[in-house]
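Here's a quick briefing to get you started. Have a look at the model first, then read on.

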Amino acid sequence: MQKTSNLSPVKFVVLVAIGAALYGLGGLLSIPVFANTYLKPAMAVLALWAAIFGPVVGFLVGMIGHFITDMCYGSVWWTWALGSGLVGVMIGLFPIITKKKVEDGVFEVKEIVLFIGLSFVANFIGYLISAILDYLFMSEPLSKVITQQLITAFTNTVCIGVIGTALMLLLASRYKAGQNLEE
């Protein structure tokens with residue numbers, strides 16, 4: 001995959017549109033676990049796009065994708081769409097930290113631990129901001145939004161840890177196989 005800065009504007013828009021559509025429509029396949037809180041396997045799509053294409057793509061896929069999911073349910077919670085965008089930004093630091101090792105076919109224990117750890121921190125901080133904004137501007141009860149935030153952080157990390165890691169392993173394997181063919 002190419003760095004975001006090397007993409008033409010058309011490719012960038014298409015990349016974000018595909019990621020947002022997959023994340024947004026995939027968000028409809030979720031399991032309710034608390035008030036407006038879901039186990040959302042589509043988080044693996046957001047994590048994959050962010051971990052490969054970086055923070056700008058991660059933000060846009062997260063924000064637009066969450067918007068798509070919310071629109072399908074009837075109303076947009078901008079605070080949580082922002083949280084998804086922030087999750088994308090933070091997971092989007094993965095290729096910067098690892099110096100794009102996945103593109104070299106490397107996704108081993110060290111990278112897996114970093115990917116899952118970064119995912120947890122991203123989910124915790126991104127959705128903590130959402131919860132605080134809900135409390136401050138939407139008059140939501142603090143205990144409710146903090147519970148939502150904690151459940152969201154943990155369930156999203158599990159989805160990313162299982163599905164996202166499997167996708168990253170497949171992608172690294174694809175790159176490695178492709179490099180071996182060229183040698």
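This is a predicted model: local features need pLDDT of at least 70, side-chain atom pairs count only at pLDDT 80 or more; totals for chains, interfaces and linings use all residues.

Residues are numbered from 1 along each chain as its sequence is written, and side-chain values use heavy atoms, leaving out hydrogens and water.

**Overall build**
- The protein chain has 7 helices and 2 strands (DSSP runs: H or I of at least four residues for helices, E of at least two for strands, numbered from the N terminus).
- Starting at the N terminus, the order of elements is α-β-β-α-α-α-α-α-α.
- Along the principal axes, the C-alpha atoms fill a box of roughly 60 × 35 × 25 Å.
- Of the 183 residues, 45% are buried (buried is under 20% relative accessible area, exposed over 50%, partly exposed in between, with a 1.4 Å probe and protein chains only).

**Salt bridges**
- The whole structure holds 3 salt bridges (a side-chain nitrogen of Lys or Arg within 4 Å of a carboxyl oxygen of Asp or Glu).
- One of them joins Glu 111 and Lys 101, with the closest N and O atoms 3.5 Å apart.
- Glu 111 sits in helix 6 (residues 109–137) and Lys 101 in the loop between helix 5 (94–97) and helix 6, so this pair ties together parts 10 residues apart in sequence.
- Glu 111 counts as buried at 5% relative accessibility, while Lys 101 is partly exposed at 30%.
- Lys 144 pairs with Glu 140, the closest N and O atoms being 2.6 Å apart.
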